[in-house]
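Please walk through the structure shown here, beginning with a strand pairing and ending with the relation between the chains.

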Protein chains: 2
Amino acid sequence: MAEDNDDPHWMRVALAEAQSAMAEDEVPVGAVLVIDGREVARGHNRTISRCDPSAHAEVLTLRSAAEAAENHRLGGTLYVTLEPCLMCMGALVQARVERLVFATRDPKAGAAVSLYRIAEDDRLNHRFRVDEGPLAEEAAALLRSFFESRRGR
Amino acid sequence: MAEDNDDPHWMRVALAEAQSAMAEDEVPVGAVLVIDGREVARGHNRTISRCDPSAHAEVLTLRSAAEAAENHRLGGTLYVTLEPCLMCMGALVQARVERLVFATRDPKAGAAVSLYRIAEDDRLNHRFRVDEGPLAEEAAALLRSFFESRRGR
């Protein structure tokens, strides 16, 4: 499928966002929302600089996208470099995102496949497809490098 | 406990916020964050007017509180008129809120006691106390009134 062939491309966009977060001394996670093959918004983790507990890459991207689309129900595919946490999976439900693609798992907090499988919960009023893997090694290496550099301080 | 005796007072503040949401034609949910017996921030649901899928009362309150406290880790007690959804329970985890008090259950989306019990999950890096019930009838009546008025349109 064309959509799937584009996955590495869009994950590279998300990874560039994660690198921007790294440069700002934030946990390096980046995201981009794509609707009908076009980028609507991108963002990266800014919890420290924005002083905002909700400022994960996914939430910031969905907020920017909703503002651009003038609709808080978005659809589309969200690409993100790290498996989303509960807050972000809940935000994907609220925004009615149709597909999630993440690069690498978060075994401690991930709510897409690791601790929970929120997108498959048929008690919720929205379910969506989840794929994982594009650029997994690059995304994981960036996170490792961030946490190793902090431990060295 | 003094803290518990104050619960109806603070829930009344949250309910006033829910009434503001109602006046703005938003689903009537309100919240207030209290730290050491003092209000840090209050807010109400604004998903439509802000065009923001994350603009639930809880998230807006935590965002305002983090800005005021200049810290994205907040602690404190969050009072909210409706049981929080997954996104909001996740945001409470991110903000390290120490206690949640909600008025009435949300059997379709509630993630504090109804569909999930997120605050008790010892795999997550933060757990917190959950209490329910203050002004439950008033909060539920406001929500019923909102949805009945919309069905009548």
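Which residue of β4(B) does Val80(B) stand opposite? The residue facing Val80(B) is Phe102(B). This is a predicted model, in which local features need pLDDT of at least 70, side-chain atom pairs count only at pLDDT 80 or more, and totals for chains, interfaces and linings use all residues. Residues are numbered from 1 along each chain as its sequence is written, chains are lettered from A in the order in which they are written, and side-chain values use heavy atoms, with hydrogens and water left out.

Strands β3 (residues 77–82) and β4 (residues 99–104) of chain B run parallel and pair over five bridges. Strands are DSSP runs (E, at least two residues), as helices are (H or I, at least four), numbered from the N terminus; two strands pair if DSSP finds at least two bridges between them.

In chain B, β3 and β4 belong to an open sheet of five strands with mixed pairing, ordered β2-β1-β3-β4-β5. Its edge strands in chain B, β2 (38–44) and β5 (129–132), each pair on one side only. Neighbouring strands are turned by 15 degrees against each other on average, direction ignored. Helix α5 (residues 136–151) of chain B packs on the sheet and touches β3 and β4 of chain B, its direction making about 60 degrees with that of β4(B). Contact means heavy atoms within 4.5 Å; axes are lines fitted to C-alpha atoms, for helices over the stretch in contact, and angles run from 0 to 180 degrees between N-to-C directions.

The same surface serves both copies, as 100% of the contact residues of chain B recur in chain A.
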